[in-house]
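Thanks for making time this morning.

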Amino acid sequence: MSNYTVESTKVETSDGAKLHTRLFKPMEEGKITDNLVVVLVHPFSILGGCQAFLKGIAAGLAGKGYKTVTFDMRGAGKSTGRPSLTGFAEIKDVIAVCKWVCENLSSDRILLVGSSAGAPIAGSAVDEIKEVIGYVSIGYPFGMFASILFGRHHKGILKSPKPKLFVMGTRDGFTSVKQLQNKLTSAAGRVETHLIEGASHFQMEGAEFDNQMVNLILTFTSSL
């Protein structure tokens with residue numbers, strides 16, 4: 001028997017896309033840890049990314065007492081609209097979902113978590129949403145080839161003063177450990193990294209790492 005419930009809703013963006021959104025809630029209201037809500041941003045829609053990739057993490061966080069939200073960005077899953085190649089239109093999706101969280105879940109504290117291409121998209125939204133108090137990246141694609149698509153997102157998260165955690169496998173095919181470290185030397189504010197020995201980029205999107213991601217997110221959240 002699961003220790004969380006799931007509710008579905010539609011969230012409309014400022015430019016009219018309707019996003020299929022899921023709220024994962026602890027089974028008992030009394031088990032809710034605090035009013036912080038975790039919003040998860042999924043991998044690249046054009047390569048098949050959707051909110052289903054993040055179900056395990058969302059369920060794990062809800063089971064630990066945190067309301068957690070996943071959603072399909074425009075053009076993914078059951079959401080309307082068309083995905084963009086560079087992820088800039090999708091920043092509006094993140095902002096719309098966070099606005100919905102504030103208005104419907106009585107929360108003024110949001111942790112943004114982005115996986116793969118969702119990391120640069122979420123990173124660009126961090127300073128656009130005052131209620132976001134921290135950011136977690138899982139496999140941020142900082143490498144040279146990925147930067148052709150997502151390079152213009154880097155500045156947004158690197159200049160943000162908000163606390164951030166970068167989680168990456170040491171065998172990530174898009175970003176080397178050295179590339180990650182070089183990028184983060186210019187980052188503002190509190191910056192933490194957690195390297196997972198021997199893990200590849202797509203491995204970390206799999207269910208075998210869900211519990212580890214949940215624990216890393218909880219540890220980071222406890223310090224915000």
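Let me start with a question: with which residue does Lys-130 form a salt bridge? The partner is Glu-131, and the closest N and O atoms of the two are 2.8 Å apart, where a salt bridge is taken as a side-chain nitrogen of Lys or Arg within 4 Å of a carboxyl oxygen of Asp or Glu. Lys-130 is exposed at 70% relative accessibility, whereas Glu-131 is buried, with a relative accessible area of 16%; buried here means under 20% relative accessible area, exposed over 50%, and partly exposed in between, with a 1.4 Å probe and protein chains only.

Before going further, a word on the basis of all this. This is a predicted model, in which local features need pLDDT of at least 70 and side-chain atom pairs count only at pLDDT 80 or more, while totals for chains, interfaces and linings use all residues. Residues are numbered from 1 along each chain as its sequence is written, and side-chain values use heavy atoms, with hydrogens and water left out.

Staying with the charged pairs, a search of the whole structure finds five salt bridges. One of them joins Glu-7 to Lys-25, with the closest N and O atoms 3.4 Å apart. Glu-7 lies in strand β1 and Lys-25 in strand β2, so the pair ties together parts that are 18 residues apart in sequence; helices (H or I, at least four residues) and strands (E, at least two) are DSSP runs, numbered from the N terminus. Glu-7 is partly exposed, with a relative accessible area of 39%, but Lys-25 counts as buried at 16%.

Another salt bridge is formed by Arg-74 and Asp-93, whose closest N and O atoms are 2.7 Å apart. This pair links distant parts of the chain, since Arg-74 sits in the loop between β4 and α2 and Asp-93 in helix α2, 19 residues apart. Both partners are buried, Arg-74 with a relative accessible area of 6% and Asp-93 with 0%.

Leaving aside neighbours within four places in sequence, Ser-79 is in contact (heavy atoms within 4.5 Å) with residues including Lys-18, Asp-72 and Arg-74.

Now to strand β3, residues 36-41, where six of the six residues are buried. Leu-36, Val-38 and Leu-40 point one way from β3, and Val-37, Val-39 and Val-41 point the other way.

β3, helix α1 (residues 55-63) and β4 make a right-handed β-α-β unit, right-handed meaning that, with the strands pointing away from the viewer, the path from the first strand over the helix to the second runs clockwise. In α1, the buried residues include Ile-57, Ala-58 and Leu-61, and what covers the buried residues of this helix includes β1 (4-12), β6 (132-138) and α7 (210-221). Just after α1, Gly-65 takes a positive phi of about 105 degrees.

I will end with the record. UniProt, in an unreviewed entry, places the feature "domain: KANL3/Tex30 alpha/beta hydrolase-like" at residues 51-201; UniProt positions are given in the numbering used here, feature names are shortened, and annotations may be inferred rather than shown by experiment. In the model, the end C-alpha atoms of residues 51-201 lie 17 Å apart, and the span is 34% helix and 24% strand.
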